[in-house]
Amino acid sequence: MVRKEIQEETDRVTGKSKQISPVPIHLSIYSPNVVNLTLIDLPGITKVAVEGQPESVVLEIETMVRSYIEKPNCLILAITPANQDLATSDAVKLSREVDPTGERTFGVLTKLDLMDKGTNALDILEGRSYPLQHPWVGIVNRSQADINKNVDMIAARRREHEFFATSPDYGHLATKMGSEYLAKLLSKHLESIIKSRIPGITSLINRSIDELESELDHLGRPVAVDAGAQLYTILELCRSFDRIFKEHLDGGRPGGDRIYGVFDNQLPAALRKLPFDRHLSPQNVRKVVSEADGYQPHLIAPEQGYRRLIDSALNYFRGPAEASVDAVHFVLKELVRRSIGETQELKRFPTLQSEIAAAANKALERFRDDSKKTTMRLVEMESSYLTVDFFRKLPQDIERGGNPTAPSAADRYTEGHFRRIGSNVSSYVGMVSETLKNTIPKAVVHCQVKEAKRSLLDHFYAQLGKKEGKQLAQLLDEDPMLMERRQQCAKRLELYKSARDEIDSVSWTR
């Protein structure tokens with residue numbers, strides 16, 4: 001049956017020609033009485049291409065044979081007919097090239113029963129010529145006539161045993177000759193190799209198990225099916241994201257420092273760029289003061305003019321205040337995006353990722369609206385009530401006579417008069433600017449940053465409590481590629497653990 005299977009597969013690959021193919025024929029034979037072993041039957045080395053074969057067949061066969069026997073885990077059976085000159089043996093020649101120390105090579109002499117009368121192979125078998133590290137073994141296989149008559153292997157082994165036991169040349173070596181002895185010799189050597197390599201194999205298996213378990217932890221365990229466990233899983237994932245988001249804000253991860261950059265660089269720069277020089281120029285001050293006086297000029301000080309100048313100047317602070325709110329909002333949105341990407345457990349649930357991102361961004365929108373209202377209120381409060389003491393401390397114009405009175409009617413309409421008014425208003429606005437430079441960051445942090453740390457997903461949590469099992473399962477809809485990868489890792493992990501158990505169960509007592 002084995003021979004028939006090999007012949008049919010060979011014909012299928014080579015088309016019943018004399019061509020060769022490097023494609024191996026894999027034939028699995030199962031038995032409860034043998035250990036797991038891979039046997040490779042390589043083609044014999046040829047010197048000349050026969051009819052129907054290309055000239056390259058010689059090199060192709062040798063290349064094929066080398067590709068197998070060069071492997072360090074391969075044991076080489078250098079088989080040579082005893083009725084041929086060993087010096088011309090290609091098997092021995094190739095074996096010495098790939099295994100110069102001879103650790104992996106076992107010499108096998110066949111056809112001892114076909115040698116010419118008066119000759120024997122004792123010099124080789126006893127190691128006097130062509131010595132190898134392992135002893136040569138002689139065997140007697142079935143003849144072609146035996147094969148044609150379907151002589152079974154049991155009978156063939158019995159004849160082989162009788163040949164060596166009764167041979168006048170090889171009788172003293174009978175216990176170290178034959179196929180059965182070769183099998184025992186190879187088994188013993190294989191056992192010694194396995195013994196020496198078990199620690200390395202065990203170490204490799206344990207390392208592979210650790211790597212697979214680590215990857216499974218990274219991929220996450222399979223999702224539970226009941227709603228309670230699913231809700232718990234979602235909440236744990238949300239907490240993991242929230243923890244990473246807070247780490248960004250608190251400095252445990254990079255990014256939160258950009259919020260300080262808004263207050264330390266962007267806001268002061270925006271305040272410095274406000275067009276107060278143009279707004280408080282003598283020409284504009286004259287225009288505002290004149291419009292504020294109406295048809296009757298002011299008598300002592302342009303009260304209404306001062307108020308209008310200050311009120312319109314303070315209105316400029318609305319722009320930097322809103323810009324600070326929006327800048328911090330942008331930073332917080334970016335930190336949400338980065339935190340979701342850095343939450344490894346979330347990567348397997350794209351639907352939940354998008355839901356958390358949407359909920360967090362909606363919360364940030366609410367915080368931004370509250371922050372904008374608060375900062376605008378700060379600006380409006382500065383306009384609503386002016387600091388009177390500031391103006392009371394301004395130096396008064398003193399007439400030549402030394403009595404503090406208002407400027408003369410002529411002085412009230414000079415450029416110097418309006419320049420002094422602009423300077424006074426500019427000083428007051430500068431004082432307000434310093435105040436807002438400190439209070440706007442406080443309002444923004446209180447309304448946006450602090451709230452984001454405290455209640456970013458509170459609304460999302462409330463909505464989760466209202467969802468049913470089917471809706472929760474939809475949130476935990478995994479990426480199919482991750483599911484497939486987890487299944488592959490789980491199968492490999494099971495195989496490695498099974499292999500480790502097999503090794504641990506072996507008792508090397510012999």
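Predicted model: local features only at pLDDT ≥ 70, side-chain atom pairs only at ≥ 80, totals over all residues.
Trainee: Thanks! How many helices and strands are there in the protein?

Mentor: The protein has 19 helices and three strands. Helices (H or I, at least four residues) and strands (E, at least two) are DSSP runs, numbered from the N terminus.

Trainee: And what is the radius of gyration?

Mentor: The protein has 48 Å, while a compact globule of 510 residues would be near 24 Å. That radius is taken over C-alpha atoms, and the globule rule is 2.2 Å times the number of residues to the power 0.38. Along its principal axes, the C-alpha trace spans about 155 × 50 × 50 Å.

Trainee: What share of the residues is buried?

Mentor: Buried residues make up 35% of the 510. Buried means under 20% relative accessible area, exposed over 50%, and partly exposed in between (1.4 Å probe, protein chains only).

Trainee: How do H13 and H14 cross, then?

Mentor: The axes of H13 (residues 318-342) and H14 (residues 350-384) come within 9 Å and cross at roughly 160 degrees. H13 and H14 are therefore roughly antiparallel to each other. For the labels, angles under 35 degrees count as roughly parallel, over 145 as roughly antiparallel, 65 to 115 as roughly perpendicular and the rest as oblique.

Trainee: Which residue classes make up the contact of H13 with H14?

Mentor: That contact has eleven nonpolar, five polar and eight charged residues. Ala, Val, Leu, Ile, Met, Phe, Trp, Tyr, Cys and Pro count as nonpolar, Asp, Glu, Lys and Arg as charged, and the others, Gly among them, as polar.

Trainee: What about H8 against H14?

Mentor: The axes of H8 (residues 227-250) and H14 come within 12 Å, crossing at roughly 55 degrees. That makes H8 oblique to H14. Ile234, Leu237, Cys238 and Phe241 of H8 meet Leu352, Ile356 and Ala360 of H14, where contact means heavy atoms within 4.5 Å. By class, the residues of this contact divide into seven nonpolar, no polar and no charged.

Trainee: And at what angle do H11 and H16 pack?

Mentor: H11 (residues 282-293) and H16 (residues 415-455) pack at about 90 degrees, with their axes 8 Å apart. H11 and H16 are therefore roughly perpendicular to each other. H11 brings Pro282, Val285, Arg286 and Val289 to the contact, and H16 brings Glu415, Phe418, Arg419, Ile421 and Gly422. The contact of H11 with H16 has five nonpolar, one polar and three charged residues.

Trainee: Where is proline 72?

Mentor: Proline 72 is in the loop between helix H2 (57-69) and strand S1 (76-81). At 60% relative accessibility, proline 72 counts as exposed. Not counting residues up to four places away in sequence, proline 72 touches Arg104 and Arg197.

Trainee: Last topic, backbone angles. What is phi of tyrosine 130?

Mentor: Phi of tyrosine 130 is near 50 degrees, a positive value in a residue other than glycine. Most residues other than glycine have a negative phi. Tyrosine 130 sits in the loop between helix H4 (122-125) and strand S3 (137-138). Asparagine 150 has a positive phi too, of about 60 degrees, and asparagine 150 is in the loop between helix H5 (144-148) and helix H6 (153-166).

Terms used:
Residues numbered from 1 in each chain as written. Heavy atoms only, no water. Axes fitted to C-alpha atoms, helices over the stretch in contact; angles between N-to-C directions.
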